[in-house]
Amino acid sequence: MELKHSGIAGIVLAAGKGTRFASTIPKVMQLIGGTPILKHVVGTGLASGLNPLVVVIRPDIEIGLAGEGAILVNQPPGESGTAYATEIGLSKIPSSVKTVAILYGDSPLLKASTVNNVVKALTQTNAVASLSWAQVPDPGSFGRIVVDSSGIVRKVIEASEATPEELLITTVNAGPCAFRADWLRDHLASVNPSQFSGERYLTDLFGIAIKEGSIVTGHEITDLDETIGCDNLERLQAANLAYNQRND
């Protein structure tokens, strides 16, 4: 029997090693408000109506009930990067699903309404992909986004590959994104390893879409707390502070 679904599926990318924590606790199992980061993200995905929701994790991670309600799939050793992890997750999603949203497993403060807005930006237009962006005063390691006045994305740049001029851009890739499922399946194999890191970046798909003349659109996140990715201790502390303020 084919799995019942909503027509909009989700993939949570949670296989990162989190080496910058220097901790025996995996990054996605660090606590925000006493709850594992991954449980927050899975809860957001489920509240957004993503069904099925697939979580891609490393096989050596014990997540207990943090993935409850989602389909868990191990990312085998070999290739690395978010495009590879997306391929693994996509293999568990029925071919009849029309739209796939991608969430990052280290972003505990993301809201379901934001996920829904990123999906709507895609499904209510003829775009093949949508992403989220935010305006930040100190972009740091965030990927940069060039968006025109009509909300069409013209360029996406990884910070590690940006020119000095591009690093001055303060519009950044804020995380969650969505794709037409058939377009995603057809194009994932086109993502090549980065010459800098060797990883296959999911964000390269936006450039591929733009180059072929397809439309990439998106949604601006104005609550910058939602963009906090807990990939080091400092950001984990910032997320805990923001979480406590949100729930006071």
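Mentor: The chain has six helices and 11 strands; helices (H or I, at least four residues) and strands (E, at least two) are DSSP runs, numbered from the N terminus. This is a predicted model, in which local features need pLDDT of at least 70 and side-chain atom pairs count only at pLDDT 80 or more, while totals for chains, interfaces and linings use all residues. Residues are numbered from 1 along each chain as its sequence is written, and side-chain values use heavy atoms, with hydrogens and water left out.

Start with the whole chain. A compact globule of 248 residues would have a radius of gyration near 18 Å, and the chain agrees with that at 17 Å. That radius is taken over C-alpha atoms, and the globule rule is 2.2 Å times the number of residues to the power 0.38. The C-alpha trace spans about 50 × 45 × 40 Å along its principal axes. Of the 248 residues, 51% are buried; buried means under 20% relative accessible area, exposed over 50%, and partly exposed in between (1.4 Å probe, protein chains only). Among contacts between residues at least 6 apart in sequence, 72% join residues at least 24 apart, where contact means heavy atoms within 4.5 Å.

Now the rings. Searching the whole structure gives two aromatic pairs. Rings of Phe, Tyr and Trp (its six-membered ring) pair if their centres lie within 6.5 Å; planes under 30 degrees apart count as stacked, over 60 as edge-to-face and the rest as tilted. The link joins distant parts of the chain, since phenylalanine 179 is in strand β10 (residues 171–180) and phenylalanine 206 is in helix α5 (residues 204–211), 27 residues apart. Phenylalanine 206 is buried, as is phenylalanine 179.

From serine 197 to glycine 69 the distance is 34 Å, C-alpha to C-alpha, and the two are 128 residues apart in sequence. Glycine 69 is in the loop between β4 (53–57) and β5 (71–74), and a relative accessible area of 57% makes glycine 69 exposed.

Elsewhere, helix α1 (residues 37–47) has buried residues, among them Ile37, Leu38, Val41 and Val42. Glycine 49 follows α1 and has a positive phi, near 85°. A cis peptide bond, with omega about 5°, joins asparagine 51 and proline 52. Proline 52 is in the loop between α1 and β4. For background, most residues other than glycine have a negative phi, and most peptide bonds are trans.
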